Protein chains: 2
Amino acid sequence: MKSTAPKVTIEVVAKKAGVSKGLVSFALNNRPGVSPETRVRILEVAKELGWKPSLRARSLSTQRSYALGLVIARNPDVLASDPFFPSFIAGVESILAPEGRALVLSVVPDEETELHTYRSLVADGRVDGVFVSDLRHNDARIPLLAELGLPAVTLGRPDGPSPFPAVTVDDTPGVMASVAHLATLGHRRIAHVAGSSTLLHGLRRRAAFAAALEAAGLPAGQTVETDFSVAAGSDATRRLLTQDHPPTAIVYANDPMAIAGLGMAHELGVRVPDELSITGYDDIDFCRYVYPPLTTVSAAPMVWGRSAASTLLTLMENGSADDVDLPAARLVVRGSTAPPSDR
Amino acid sequence: MKSTAPKVTIEVVAKKAGVSKGLVSFALNNRPGVSPETRVRILEVAKELGWKPSLRARSLSTQRSYALGLVIARNPDVLASDPFFPSFIAGVESILAPEGRALVLSVVPDEETELHTYRSLVADGRVDGVFVSDLRHNDARIPLLAELGLPAVTLGRPDGPSPFPAVTVDDTPGVMASVAHLATLGHRRIAHVAGSSTLLHGLRRRAAFAAALEAAGLPAGQTVETDFSVAAGSDATRRLLTQDHPPTAIVYANDPMAIAGLGMAHELGVRVPDELSITGYDDIDFCRYVYPPLTTVSAAPMVWGRSAASTLLTLMENGSADDVDLPAARLVVRGSTAPPSDR
DNA sequence: CTGAAAGCGCTTACAG
DNA sequence: CTGAAAGCGCTTACAG
């Protein structure tokens, strides 16, 4: 049975070590001005007493929270079917945990609430920095965060000026490789089920698609814009396949839509890959296990998370951090692509 | 151009209102002992000055963090393919945000790290309470949290004694309904691809499966245990279907495995639902859009999140909270189930 | 109903 | 190299 331990504070450590509180603090934080022997002694006493400085007291003095924030503005459906964030967050945590930093997560329904959430996080001093994902055209968060003075790292490079470091996985090569792969197989009518054009990565994949067609000497392909949701991917596929001259291949802006597209093709009696080739983007776990397995582009969300977290910590420590360009996403060829049937 | 605002604290509000700091605090927190007129005046001055009490200072005085924690111990693959948490979290946030509470999220690789994470969260005073998900047999977290004195709410009822309120969605009726549905269609060889038996909901769905077979007067069915991952679901399906007397129907413990099973059936040339019926669990978005669309059991993770958050807040406020039994998950019949072919 | 003061547990100039 | 004190911005007994 434990006796109720009297709370051990910096005060009792100082007393026991025979020094002032200030000196304990200096020793703990590796500040100059403490003789080596004294420091060792203080740290020994601290360990012996099992003392950890109070995060709350420290936060009040230093005006920092030792936590980082991620606010996600997506409708729940899209969020739920997209495995990007769980993996990304796992990567982030693997860096933050050893540093004693926590992650504060907000999931909000829309962009307006999102901006308000950043203001609240700052007003409450909940976080010392944030991850900015799902970059938008002329993203309002960049100037807001700059104005609030909140350190940030962006996932990808914004299309406007930004004072923040960017950690980027270039998605252009992967999309171009997808199209080139299809072109090489002999496809000439290739369509694109694009993501939301309010999102930069949606726009960029779309542009890469167009550029790749041109590079392959093919005519411009049909593009259907969606909100990245499974439902929209399914609808877009139906629309494309029920035309007079349907495409023989479809490049999807993400895997969930591609998987929905696969289902729709089955439903319409269009055989994949014999009559229709399909490619996705992200290489989520499902890709390997649907039938036929999905040709897709493999990003590495966990690595992205680790790198973004490191960059943000560096920024907060040094006041600046370099942009990081991670290896570009790569094409992974599986069973959902094949030469087009003769028609 | 803004002038750098001099920081407005409780002190300046008090001064301007002509009262003491203490009184401002009392007025703010609706404590008795402030005359109505004085309170109104104080609050007006506060609003006028745009004052919000400092969360950090308040945290230090009250020894609370005004944040709640969720720590998830899953391997990243399983986590990524399971849309439960994003939806659950969206539900949690919808309750916390208006209350000015934040959610601290930890994703850890294993159970040991998980326990350590709870200790850290308490040691650092990061959270005032936690959500306990993925309950295990004889869950070590229950006694740990009790010992740490950290308020908690469990998702589902633990199988041991627990001092914490439980918010439960009974999954037994849904699984039993699945089996009954298949039995009614005429299936007699029904198998179960179970989740991990270290997880209570895995165990419970498995028990429900067995009970339902018995209730239908059918012989015990084959059960293959998995770790809930897409890969394991795929493997289990292959094993079941490549036997001499394969089952004519498979009940999966979650949707991702069922979707992988669908893919494997296709790969093996087994037609669904003609030669094989399949049911899932959770009703994730994908279910509607694979082909054939998946018969499954619909839980409501967002509602669960809202309810768990409310319960935890009540517990922290009142020192106790009632268990909540949410409506049981319901069977949703779609195209992946049909009468068995004659053999 | 109200005021003055101590306390939460650290960090950080300022003296010596 | 070290100590004593102020400060971070609240809350909460304690007096009156």
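This is a predicted model: local features need pLDDT of at least 70, side-chain atom pairs count only at pLDDT 80 or more; totals for chains, interfaces and linings use all residues.
Guide: A polar contact is a pair of N or O atoms within 3.5 Å.

Visitor: What makes the pair formed by B:Asn29 and DNA strand D a polar contact?

Guide: A polar side-chain atom of B:Asn29 lies 3.1 Å from a phosphate oxygen of DNA strand D, and because this distance is within 3.5 Å, the pair counts as a polar contact.

Visitor: Which residues have a polar atom or a backbone atom beside a base nitrogen of DNA strand D?

Guide: Among them are B:Lys21, which places a polar side-chain atom 2.8 Å from a base nitrogen, and B:Ala57, whose backbone N or O atom lies 3.4 Å from a base nitrogen. Two or more residues of the surface near this DNA strand come from each of α4 (55–62) of chain A, α2 (21–28) of chain B and α4 (55–62) of chain B.

Visitor: How many residues surround DNA strand D, and of what kinds are they?

Guide: There are 27 residues around DNA strand D, and the closest are A:Gly33, B:Ile10, B:Ser25, B:Arg31 and B:Ser61. By kind, the residues of this surface divide into nine nonpolar, 13 polar and five charged.

Visitor: Why is strand β6 of chain B described as largely enclosed?

Guide: A residue is called buried when its relative accessible area is under 20%, and five of the five residues in β6 (190–194) of chain B are buried, so the rest of the structure largely encloses this strand. B:Ile190, B:His192 and B:Ala194 point one way while B:Ala191 and B:Val193 point the other, and all are buried.

Visitor: Which strands pair with β6(B) in the parallel sense?

Guide: Strand β8 (249–252) of chain B pairs with β6(B) over four bridges, with B:His192 opposite B:Val251, and β7 (223–225) of chain B is joined to β6(B) by three bridges. From β6(B) the chain crosses through helix α10 (200–215) of chain B to β7(B), in a right-handed β-α-β crossover.

Conventions. Residues are numbered from 1 along each chain as its sequence is written. Chains are lettered from A and ligands numbered from 1 in the order in which they are written. Side-chain values use heavy atoms; hydrogens and water are left out. Buried means under 20% relative accessible area, exposed over 50%, partly exposed in between (1.4 Å probe, protein chains only). Two strands pair if DSSP finds at least two bridges between them. A crossover is right-handed if, with the strands pointing away from the viewer, the path from the first strand over the helix to the second runs clockwise. A residue is near a molecule or strand if one of its heavy atoms lies within 4 Å of it. A polar contact is a pair of N or O atoms within 3.5 Å; within protein, one must be able to donate a hydrogen and the other to accept it, and residues adjacent in sequence count only if both atoms are side-chain atoms. Ala, Val, Leu, Ile, Met, Phe, Trp, Tyr, Cys and Pro count as nonpolar, Asp, Glu, Lys and Arg as charged, and the others, Gly among them, as polar.
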